[in-house]
Amino acid sequence: MQQRRTIDQIHTNRVLLNGQLDTPKWWAPTVITLGIIVAIGFFMIGIMVNKGLGVTGLSRPVYWGLFITTFVFWVGISHAGIMISAILRLSQAEWRRPVTRAAELLTVFSLLTALMFPLMHAGRPWRIIYYILPYDFARGIMPNVRSPLIWDPVAISTYLTGSTLFLYIALLPDLGNLRDRTTGWQNALYTILSLGWRGNPRQWKLQTVGGILLSALMLPIFVSVHSIVSWDFAVTPAVEGWHSTIFAPYFVIGAVHSGVSAVVTMMALMRWLWKWEDFIRPEHFDALARLLIVVATGWLAFTFLELIFAVYGLDAPELALRELQIFQWPWNILFITFVITGYIIPVGMWLQKSVRNNIALMFWSSLFVNIGMWLERFLIIVPGLARRTPFVYTWESYRPSGLEWFILFWSLAWVTFLMLLFSRFFPLVPLFEQKESETFSDSIKIGRVKVPAIVREAD
Amino acid sequence: MASEAIHSGAQTDAHSGTHEEAHHELPARVEPDVITSELVASTDSNSTGVRNWMWILGIVTLVGIGVGFAKLLIEWGDQSEWGYTAAMVAFLFSVFGGAPLVAIAPTLAKANWVRPVARFAALCSLASIVCTIWMIPLILNLPMLVVDGARRRSIWFEGPDVSPHMWALVSMITLITAALGLIYAYALPDFAAMRDHSTGWKQRFGSWMARGWIGTTIQWRTLRLRIGMMGTLYFFTFVFVHFIISTDFAMSLVPGWRDAIFPMYHAISSIQAGLAVTVLGLWAARRYMGMDKYLHLDQFWSIGRLMFAFTLLWGYFFISAFIVYWYGRSGSDKMWIDYLILGPYFWVFILGVLFIWFTPWWWLIWNRVRRSYNGTAIGAGLILFGVFLDRVRLYVAAWAVPEDRIHERFLTEYPSAVFPDVMDLFIMVGALAGCVFVVLAATRVLPILSIWDVQQFNLLYRPVNYMKTKVSLIGKPD
């Protein structure tokens, strides 16, 4: 709160709408470059669909590899939005305000991206319909509704719908603002999208109540999505390392760790690219870093429990898997990298106040987290399948092909591309939240000292 | 912001007015001198009610300890006879050990509402002393790591034979030390107030404990740092103790029970119970100790929300384990369901779920309930009963497994239900009375509400008029 400054509403409008009313020079070349990468990525996916999954490194017994890892990774990133927007809104954390829109957006785009990976992984994407919809009543061939593989698309599409609605409701006041400042086709677009927003008390009340209700409704979905993803693995006793009761909360807390770190990465980029120093301030990074220390330490505790109870039973196959996962080449290098980048480096850095207030260091530390978290998913999924077991007669180790790596890179470019495209038409920092924060800020005098204060609903 | 401070005289009495008015009451502003003198005076044990209660609780505690000693002599070595004692210790540790987290977490998050609550929540941790005393017979009856020449499953893979016994004691003593450190860190300014506003031994004691506290800027800064450090230490020790108790005193006694989420489940339900006991304590302080001036709806409302959140979290943690066992269908998976859910304690399980989760969920979901003193207290009572049943189900079942079957891959024949005998009842009531006695005795030394926290709450809280409504202005100093 010490760094907050009074910003008048005209300045807020001018600076936060600069992406829509006055496109920055770097925007077009960046979007074109990303667009080319995205197009090449789609071409590669086309090749894979045409040639089949043989172009990937997948082979017996490793059927789930880089695509499923990346699917879990993006579902994890999608937890940023609800964590920041819903949980922090319900807990009335003031510092969330400039971050909410970007976090919600990240949720929507990362979910869209996550959904594409099981489609690619299916090899023949159109056949995925057999998993979801009944297709042969006569022979009684139905999707197995008791399988988490069916719950997955249901949960993710519900989460996507809810998140989109959440994002849209929060956008309404800003759309009204843009409508009043644009002409021509843009004005027509914003007029339609703003749904007649005039900012009267009734509309504000509905918008606020809608936001709170959606926050509360989205929370169970938020928890269920990654829990269901974890159950894709945990309900399978046949694969060592997967059948653990801790997987659901372990995946959820890991997702929050990963998602909130991604928000930090994005905030740093937004501050640099759009020069929003007045709005995205070191205090916001400081608050997020404090939150991340707690989340990361909780996540580490879950990691510890997962490992200790894996070996607790002293079952030979489980011990063999852990031996492979932690001590054998090349998994040992991946494991060490995962622990160092997922926890030791970032949390070690965040414990220093000077780092928490340094945007560049926060940016790099948040990138480290997501490298570590991607590796964590890879280490959960692949070694369990790759370990040679007694009844596997055809056996090969898994090495992702160049095409798989490119598609992983493509997914990063794709999400960035969508974000930049969005930023051309809609503000990335919610104007009304910023103004509300100004209104709700005050100070009280205690003796000779003026203490920053915030307005809260009375008892 | 255009706001206007409301004159304190315009406020309504907490007990008067309709329900709707009560929801909009604003905390009464009490003069700082009055706060100090009233809260210091509240530690005097002149009240006959408190004195009588302390006598009754003390006697019941001693009777419980006596019966426990007799039981130790009579039923030494019969593990199944100690299930209810184990359940009660786990329950009491869960309840009173979890309470300080109600103070720690919101304090670290700089929430203002928690200030009047922090002292009582921290004092609850003293009950760990009683839990440690009652843990001694359990430690004496806990099987060694090597049974019949073979090492049993435990988290102490290569550790010495007495690792579970030793670490249980060490961790509990560490927790007590952390609790005392936390209470002392919180209480330093109050000891100074005791020094300046009381007479006799209390003045001498306050003077000695205050260590020259005069409230300089550096002293305040150090105080905040100390609270943060002791709070963090308490939290980590708390999680570690739950890890030890849940695995060594429950899970490892049942062959085939391998549940990675169980320590966290144990800790989560402990925080839920800690919130509940804090609500009940505050409710009693308002009703019987005249603290209604200092404890407002804000505190009950905030804890009510947390209780609701942790109630849902209990459901989530339970289902996370259950679904994995349900789908797994391996021998040990089925054992977990058949013995701990559907087996001899099925009705305890059903009642436990009703009280720990289902009823509080549908009770606390209503804002109207959470914004009332009695509503949150009823919710708290339900939760405490539910947690008690949950611990009975888990610990009595675990201690009922005969030691000669500890090496089985998983249980195939389930021991029948164990019911408490008269000695168990005496022990359970005695242990509970001991915990309440310790907390009540502590309030005879330190005020049940922290004086400086209440002062700061009042300083940083301003009711103001905003447009047509009334809002609170809350100071957020760094």
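Of the 7 residues of strand β5(B), 5 are buried (20 or more other C-beta atoms within 10 Å of a residue's own, with C-beta atoms placed from the backbone), so β5(B) is largely enclosed by the rest of the structure. This is a predicted model, in which local features need pLDDT of at least 70, side-chain atom pairs count only at pLDDT 80 or more, and totals for chains, interfaces and linings use all residues. Residues are numbered from 1 along each chain as its sequence is written, while chains are lettered from A and ligands numbered from 1 in the order in which they are written.

**Strands around β5(B)**

- Strand β5 covers residues 469-475 of chain B and pairs with β2(A) in the antiparallel sense over 5 bridges; two strands pair if DSSP finds at least two bridges between them.
- Within β5(B), V471(B) stands opposite E457(A), and L473(B) stands opposite V455(A).
- Strand β4 (residues 461-466) of chain B also pairs with β5(B), in the antiparallel sense and over 6 bridges.
- L473(B) turns up again here, as the bridge partner of R462(B).
- The hairpin of β4(B) and β5(B) has 2 residues between the strands, and M467(B) takes a positive phi near 50° in this hairpin.
- Strands (E, at least two residues) and helices (H or I, at least four) are DSSP runs, numbered from the N terminus.

**Where chain A meets chain B**

- The contact takes 36 residues from chain A and 42 residues from chain B, where two residues are in contact if their C-beta atoms, placed from the backbone, lie within 7 Å.
- On the side of chain A that touches chain B, elements that each supply at least two residues include α10 (201-234), α12 (282-312) and β2 (449-457).
- With 7 residues, β2(A) gives the most to that side of chain A.

**A helix pair in chain B**

- Helix α10 (residues 262-288) and helix α11 (residues 297-328) of chain B have axes that come within 9 Å and cross at roughly 155°; axes are lines fitted to C-alpha atoms over the stretch in contact, and angles run from 0 to 180 degrees between N-to-C directions.
- That crossing makes α10(B) roughly antiparallel to α11(B), a label for angles over 145 degrees.
- Among the residues making the contact are Y265(B), I268(B) and L275(B) of α10(B), and F300(B), F310(B) and W314(B) of α11(B).

Definitions and conventions. Parallel < 35°, antiparallel > 145°, perpendicular 65-115°, else oblique. Buried ≥ 20, exposed ≤ 12 C-beta atoms within 10 Å, placed from the backbone.
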